[in-house]
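This report describes one predicted model. It starts with the chain and then turns to one pair of packed helices.

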Amino acid sequence: MTTSVRRARPADVPAVTALLVDALSRDPVAEWLVPDADNRADVLHRLLAVDVDHAIETGHVDVTGDWSAVAVWRRHDLDAQQWALGDYHLTTLAGRAAPRFGELNAAVRSYRSDAPHHWLSWLAVQPGYGWPVADELLRQHHQVVDRTGHPVYAVVTTEGARDLLCQHGYRADLPLHLSSGPRLWPLTRAGCPIRSSGTG
């Protein structure tokens, strides 16, 4: 059975943010970023609300019809606007957790290509659901990306997310390591060559 998918709108920022916070609060990297469980949800909410708002405006955010999963996509090319969560946001919104967020950003940036590509910023599934509920989110956006011929990059924080992406044609590279923290799994989905409509 195919899951319905729709593109998130500005009015959906609170709901998308809440879904991400709920899904990520028990994530191993989130636990490393903000060890204090009582403060973790607040820090994540402040940062993700900014990121989601910017992504809906300038990127592409898809949700399943039953709000079981969300995917946040960015387009990286010469015309793309800067991503929202820079050093200023981290210092202002993350508080004492800012150094670890900075380390995470540096690890992710070390993997991201400067060539045009799409970037899967977030892929989250509501607690109680399995990773397969995100299948249609990936399939539909890959159809969009494949029309451009661009690759897709992602860095995920769990083996479940890594395995799901591998089922959708991503290749997992060697893990990235955070100091005294969990591993990150970087992945690449190769771009599809754009076929010429002409005959030769």
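In the protein chain, 72% of the contacts with a separation of 6 or more are between residues 24 or more positions apart; contact means heavy atoms within 4.5 Å. Of its 200 residues, 46% count as buried, that is, under 20% relative accessible area with a 1.4 Å probe, protein chains only. The chain has seven helices and eight strands, which are DSSP runs (H or I, at least four residues; E, at least two) numbered from the N terminus.

The model is predicted: local features need pLDDT of at least 70, side-chain atom pairs count only at pLDDT 80 or more, and totals for chains, interfaces and linings use all residues. Residues are numbered from 1 along each chain as its sequence is written, and side-chain values use heavy atoms, with hydrogens and water left out.

Helix α1 packs against helix α3 at an angle of about 135°, and their axes are 9 Å apart. Axes are lines fitted to C-alpha atoms, for helices over the stretch in contact, and angles run from 0 to 180 degrees between N-to-C directions. The angle makes α1 oblique to α3. The crossing is right-handed.

| Helix | Residues | Contact residues |
|---|---|---|
| α1 | 13-24 | V13, V16, T17, L20, V21, L24 |
| α3 | 37-58 | A41, L44, H45, L48, A49, V52, D53, I56 |

The buried residues of α1 are V13, V16, T17, L19, L20, V21 and L24. Their cover includes α2 (28-33), α3, β2 (60-64), β3 (69-76) and β4 (117-125).

Notes. Parallel < 35°, antiparallel > 145°, perpendicular 65-115°, else oblique. Left-handed = near helix turned anticlockwise from the far one by under 90°. Buried < 20%, exposed > 50% of the residue type's maximum accessible area, 1.4 Å probe, protein only.
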